[in-house]
Amino acid sequence: MVICNMSIKLFAQAHILHKNMKTFYENNIFLQVQGDTALCGLCALNKGYQEEKFDVNLLNSIADQQWISHYTDLHMPISELCLPFRDTNGWYSIEVLLKAVDNLGDSMVNLSGVLNSYFTKPGLSISEALNSSHSYPVSFLVRIPKTAHYTTIRIDASGHIYLLDSMKQCPIYMDE
């Protein structure tokens, strides 16, 4: 019980850091800049959906539920260390991001062989997702190799491709 109380205090700071984020539209594209936080996963999910569907409280709750579930798993050896699914700066593990999308009834498919990424569009094959000639938007959640930074690649209904990085103030147009 003491461990849980300590972890709640340890992770309470991410909510405060959320105030440093900036959300806006540029050329009808939803952008969220993480500021001096590590909330890139949260920003990447929201940019993928092009609206603020997720917030710090929701992802914190998912992370804590996963940690408690993992820690109390009767099949896990008592000596195995259970690492947290988030940190004090707002970083979330991929398991938290996957669960958040799953809770909306959507799914993300692992494309690690392609871009070490995930895309959100139920019922869409990998080849369809990579083909930009479809009539609906597709979003890729990409973890930058050798870092903990997540970003979003978005293909809109017109086939235009954007890199939406939460460390940048504007979209990067990739198809020009």
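**View 1. Gly105 just beyond helix 5.** Just after helix 5, Gly105 takes a positive phi of about 90 degrees. Helices (H or I, at least four residues) and strands (E, at least two) are DSSP runs, numbered from the N terminus. This is a predicted model: local features need pLDDT of at least 70, side-chain atom pairs count only at pLDDT 80 or more, and totals for chains, interfaces and linings use all residues. Residues are numbered from 1 along each chain as its sequence is written, and side-chain values use heavy atoms, with hydrogens and water left out.

**View 2. The buried face of helix 5.** Ile94, Val96, Leu97, Ala100 and Val101 are the buried residues of helix 5. Buried means under 20% relative accessible area, exposed means over 50%, and partly exposed lies in between (1.4 Å probe, protein chains only). Look down the axis of helix 5: its buried residues fall within an arc of 160 degrees, so they line one face of the helix. The arc is taken from the directions that run from the helix axis to the C-beta atoms.

View 3. The side chains of Lys99 and Asp102 meet in a salt bridge (4.0 Å, N to O). The term stands for a side-chain nitrogen of Lys or Arg within 4 Å of a carboxyl oxygen of Asp or Glu. Both Lys99 and Asp102 lie in helix 5, three residues apart, about one turn of the helix. Lys99 has 36% relative accessibility, so it counts as partly exposed. Asp102 is partly exposed too, with a relative accessible area of 45%. How many salt bridges does a search of the whole structure find? It finds one.

**View 4. The largest nonpolar core.** This core has 24 residues, and Leu42, Leu45, Leu59, Tyr92, Leu97 and Leu141 touch the most other members. Helix 3 (40-49), helix 4 (56-71) and helix 5 (94-103) each supply at least two residues of this core. Helix 3 gives the largest share, six residues. Apart from this core lies another, of six residues, among them Phe24, Ile29, Tyr162 and Leu164. A nonpolar core is a set of buried Ala, Val, Leu, Ile, Met, Phe, Trp, Tyr and Cys residues joined through side-chain atoms within 4.5 Å. In soluble globular proteins, nonpolar side chains tend to be buried together.

**View 5. Strand 6, covered on both faces.** Six of the six residues of strand 6 (residues 150-155) are buried, so the strand is largely enclosed by the rest of the structure. Tyr150, Thr152 and Arg154 are buried on one side, and Thr151, Ile153 and Ile155 on the other. In a regular strand the side chains alternate between the two faces of the sheet.

**View 6. The partners of strand 6.** Strand 5 (residues 138-143) pairs with strand 6 in the antiparallel sense over six bridges. Two strands pair if DSSP finds at least two bridges between them. Leu141 stands opposite Thr152 in strand 6. Six residues lie between the strands of this hairpin, where Lys146 takes a positive phi near 65 degrees. Strand 6 also pairs with strand 7 (residues 161-164), in the antiparallel sense, over four bridges. Here Ile155 stands opposite Ile161 in strand 7. This hairpin has five residues between its strands, and Gly159 in the turn has a positive phi of about 90 degrees.

**View 7. Strand 7 and strand 8.** Strand 7 has a covered face, Tyr162 and Leu164, and an uncovered one, Ile161 and Leu163. Strand 7 and strand 8 (residues 172-173) pair in the antiparallel sense over two bridges. Leu163 stands opposite Ile172 in strand 8.

View 8. Lys47 sits in helix 3. Leaving out residues up to four places away in sequence, Lys47 touches Phe30, Leu31, Gln32, Thr152, Arg154, Leu164, Asp165 and Ser166. Contact means heavy atoms within 4.5 Å.
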